[in-house]
Amino acid sequence: MGKCVYCNHCQPCLAGLDVGLNNKYYDLARNHYENLAVKAESCVRCGHCDSQCPFHVIQMARMQEIAGYFNC
């Protein structure tokens, strides 16, 4: 009770959302994140990863964003 099982009995969505898949992907992401040994909120913002990234991703900012997303 109270937990989506992705059955899509709630369809059709007036906005066209696949409600079941939206719930499933959110749950999968959260489950994988919760099983990480060290999570994004452990970032100490030292900048090492930023200087090593060949794609110039500001990983310190991403870790902060990820931590905020999963700890909302």
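Visitor: Hi! What should I know about the model and its numbering before we start?

Guide: Welcome! This is a predicted model, where local features need pLDDT of at least 70, side-chain atom pairs count only at pLDDT 80 or more, and totals for chains, interfaces and linings use all residues. Residues are numbered from 1 along each chain as its sequence is written, and side-chain values use heavy atoms, with hydrogens and water left out.

Visitor: Great. How many residues does α1 have, and how far does it reach?

Guide: Helix α1 covers residues 19–34, so to speak a run of 16 residues, and spans 23 Å from its first C-alpha to its last. That is close to the expected 22 Å, where the expected span is 1.5 Å times one less than the number of residues. Helices here are DSSP runs of H or I with at least four residues, strands are runs of E with at least two, and both are numbered from the N terminus.

Visitor: Which residues of α1 are buried?

Guide: Gly20, Arg30 and Tyr33 are the buried ones in α1. Buried means under 20% relative accessible area, exposed means over 50%, and partly exposed is in between, using a 1.4 Å probe and protein chains only.

Visitor: And what covers them?

Guide: The cover over the buried residues of α1 includes α3, residues 59–70.

Visitor: Let's switch to charges. How many salt bridges are there?

Guide: The whole structure has 3 salt bridges. The term means a side-chain nitrogen of Lys or Arg within 4 Å of a carboxyl oxygen of Asp or Glu.

Visitor: Where does Lys3 come in?

Guide: Lys3 pairs with Asp27, with their closest N and O atoms 4.0 Å apart. Lys3 is exposed at 59% relative accessibility, while Asp27 is partly exposed at 24%.

Visitor: Which residue does Arg30 pair with?

Guide: Arg30 forms a salt bridge with Glu34, the closest N and O atoms being 3.9 Å apart. Both residues lie in helix α1, 4 residues apart, which is about one turn of the helix. Arg30 is buried, whereas Glu34 is partly exposed at 47%.

Visitor: What about Arg62?

Guide: Arg62 meets Glu65 in a salt bridge, at 4.0 Å from N to O. Those two are 3 residues apart in helix α3, again about one turn. Arg62 is partly exposed, at 40% relative accessibility.

Visitor: Is Asp50 buried or exposed?

Guide: Asp50 is buried, yet it has no salt bridge. Its nearest side chain of opposite charge is Arg45, 7.2 Å away; Lys and Arg count as positive and Asp and Glu as negative, with His and the chain ends not counted. Asp50 sits in helix α2, residues 48–52.

Visitor: So what does Asp50 touch?

Guide: Leaving out residues up to four places away in sequence, Asp50 touches Val57, Ile58, Gln59 and Met60. Contact means heavy atoms within 4.5 Å. A polar atom of the Asp50 side chain also lies 3.1 Å from the backbone nitrogen of Met60.

Visitor: New topic: how many disulfides are there?

Guide: The search of the whole structure finds 0 disulfides, the cut-off being a pair of cysteine sulfur atoms within 2.5 Å.

Visitor: Last one: what is going on in the backbone around Tyr6, Asn8 and Pro12?

Guide: Tyr6 has a positive phi of about 65° although it is not a glycine, and Asn8 has a positive phi of about 65° too. The peptide bond from Gln11 to Pro12 is cis, with omega near 5°. Tyr6, Asn8 and Pro12 are each found in the segment before α1.

Conventions:
A polar contact is a pair of N or O atoms within 3.5 Å; within protein, one must be able to donate a hydrogen and the other to accept it, and residues adjacent in sequence count only if both atoms are side-chain atoms.
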